[in-house]
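I opened this structure for a look around and kept notes as I went. Here is what I looked up, entry by entry.

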Amino acid sequence: MVICTPSSSSSSSGSTSTKSWVIHGLAVGAAAAVALGAHAYLYYRRSGRFRSRVVGIIPARFASSRFQGKPLVHILGKPMIQRTWERAKMASSLDHVVVATDDDKIAECCRGFGADVIMTSESCRNGTERCNEAHQKLGNKYDIIVNIQGDEPLIEPEIIDGIVKALQAAPDAVFSTAVTSLKSEDAFDPNRVKCVVDNRGYAIYFSRGLIPFNKSGKVNPQFPYLLHLGIQSFDSKFLKIYPELPPTPLQLEEDLEQLKVLENGYKMKVIKVDHEAHGVDTPEDVEKIEHYMHERNLS
């Protein structure tokens with residue numbers, strides 16, 4: 001594995017074709033007024049101050065059971081964490097972007113290419129808890145915290161902006177995330193998390209298995225299965241209490257932290273986006289993403 005040598009060149013502005021994203025259910029109706037109170041809701045919406053301060057946090061750790069040192073692996077000459085940071089910096093909704101890590105090698109690498117770094121505890125059990133600790137060290141001054149997965153080096157700024165807008169428009173939700181169309185070859189891959197949503201764009205469930213699962217046990221080529229993208233945003237007040245919520249049975253069984261949100265009765269807004277998902281979960285994924293970038297002249 002190539003250890004980090006930060007690249008000085010800036011990232012490509014993105015894919016040659018403009019990706020479109022469609023936000024489901026941004027209109028807020030009576031439920032929003034009930035959630036906040038009609039007067040408070042209208043005041044904050046009209047003033048433009050509702051959930052207006054936004055920080056993007058990229059949690060990164062060196063230790064990983066599937067891919068140790070993953071944030072520092074090079075993808076076409078740049079550390080993966082640098083590519084993710086450069087993409088996040090292009091999101092217009094973010095007031096600040098930081099990397100949160102407990103590893104000195106990652107911190108040194110990130111400071112080398114100009115990122116702000118927050119050192120966090122090794123005791124953080126997941127990226128969400130790492131984001132919470134980083135936000136505390138930033139003085140708890142933001143309304144929305146966007147958890148940007150460091151293993152999505154081609155994440156599009158428009159997707160980041162989309163989930164922020166979705167959370168700002170849904171005061172009855174404490175969490176927002178994104179999904180895209182699931183490829184049939186990924187249907188039974190447990191590393192590709194699937195999602196189902198209701199008619200108003202709120203999450204019903206996430207699973208490593210194929211959902212919904214029909215009685216034939218086969219993929220239905222006519223059904224619009226959804227793939228969960230790792231990026232997610234939290235209301236800062238909810239993020240503060242999230243670590244105190246006890247682990248839940250479905251969360252533990254699926255090993256998916258977003259299920260703890262749903263099992264505790266909180267609402268999660270979901271947007272559907274058009275995105276070629278290229279997360280890096282294993283060493284083999286590095287070659288795949290480099291091939292994808294070569295084909296599209298991405299540098």
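**Confidence before anything else**

I checked the confidence of this predicted model: the average pLDDT is 85, and 82% of the residues score at least 70. (pLDDT is the predictor's confidence in each residue, from 0 to 100.) Residues 8-48 have a pLDDT below 50, and beyond near neighbours in sequence that stretch has 68 contacts in the model. A contact here means heavy atoms within 4.5 Å.

My ground rules: residues are numbered from 1 along each chain as its sequence is written, and side-chain values use heavy atoms, with hydrogens and water left out. As this is a predicted model, local features need pLDDT of at least 70 and side-chain atom pairs count only at pLDDT 80 or more, while totals for chains, interfaces and linings use all residues.

**Overall layout**

I found ten helices and twelve strands in the protein. These are DSSP runs numbered from the N terminus: helices are H or I with at least four residues, strands are E with at least two.

I then looked at burial: 53% of the 299 residues are buried. Buried means under 20% relative accessible area, exposed over 50%, and partly exposed in between, with a 1.4 Å probe and protein chains only.

Of the contacts between residues at least 6 apart in sequence, 72% join residues at least 24 apart.

**Strand S12 and what follows**

Why do I call strand S12 largely enclosed? Five of the six residues in S12 (268-273) are buried, so the rest of the structure largely encloses this strand. S12 runs parallel to strand S8 (residues 175-181), and five bridges join the two. Strands pair if DSSP finds at least two bridges between them. I noted that Val179 stands opposite Lys272 in S12.

Moving on, I found Asp281 in the loop between S12 and helix H10 (283-295). Asp281 counts as buried, at 11% relative accessibility. From Asp281 to Lys70 it is 211 residues in sequence, but 8.4 Å in space, C-alpha to C-alpha.

Helix H3 (residues 80-89) is mostly covered, with nine of its ten residues buried. Among them are Met80, Arg83, Trp85 and Glu86.

I counted aromatic pairs next and got seven. Rings of Phe, Tyr and Trp (its six-membered ring) pair if their centres lie within 6.5 Å; planes under 30 degrees apart count as stacked, over 60 as edge-to-face and the rest as tilted. Trp85 and Phe113 make a tilted pair, 5.3 Å centre to centre with 50° between the planes. Trp85 is in H3 and Phe113 in the loop between helix H4 (104-112) and strand S6 (116-119), so this pair ties together parts 28 residues apart in sequence.

Phe223 is partly exposed at 36%, whereas Tyr225 is buried at 7%. I also marked one aromatic cluster, formed by Phe175, Phe234, Phe238, Tyr242 and Tyr266.

Most residues other than glycine have a negative phi, and most peptide bonds are trans. So I went after exceptions.

- Leu76 has a positive phi near 50°; this residue is in the loop between strands S3 (74-75) and S4 (78-79) and is partly exposed at 27%.
- Asn140 has a positive phi of about 50°; its loop runs between helix H5 (127-137) and strand S7 (144-147), and Asn140 is partly exposed at 34%.
- The peptide bond from Ile211 to Pro212 is cis, with omega near -10°; Pro212 is in the loop between strands S10 (203-207) and S11 (226-235).

**Cysteines**

How many disulfides does the structure hold? I found zero, where a disulfide is a pair of cysteine sulfur atoms within 2.5 Å. The closest cysteine sulfur to that of Cys124 is in Cys131, 9.2 Å away, too far for a bond. Cys124 is buried at 13% relative accessibility, and Cys195 is buried at 1%.
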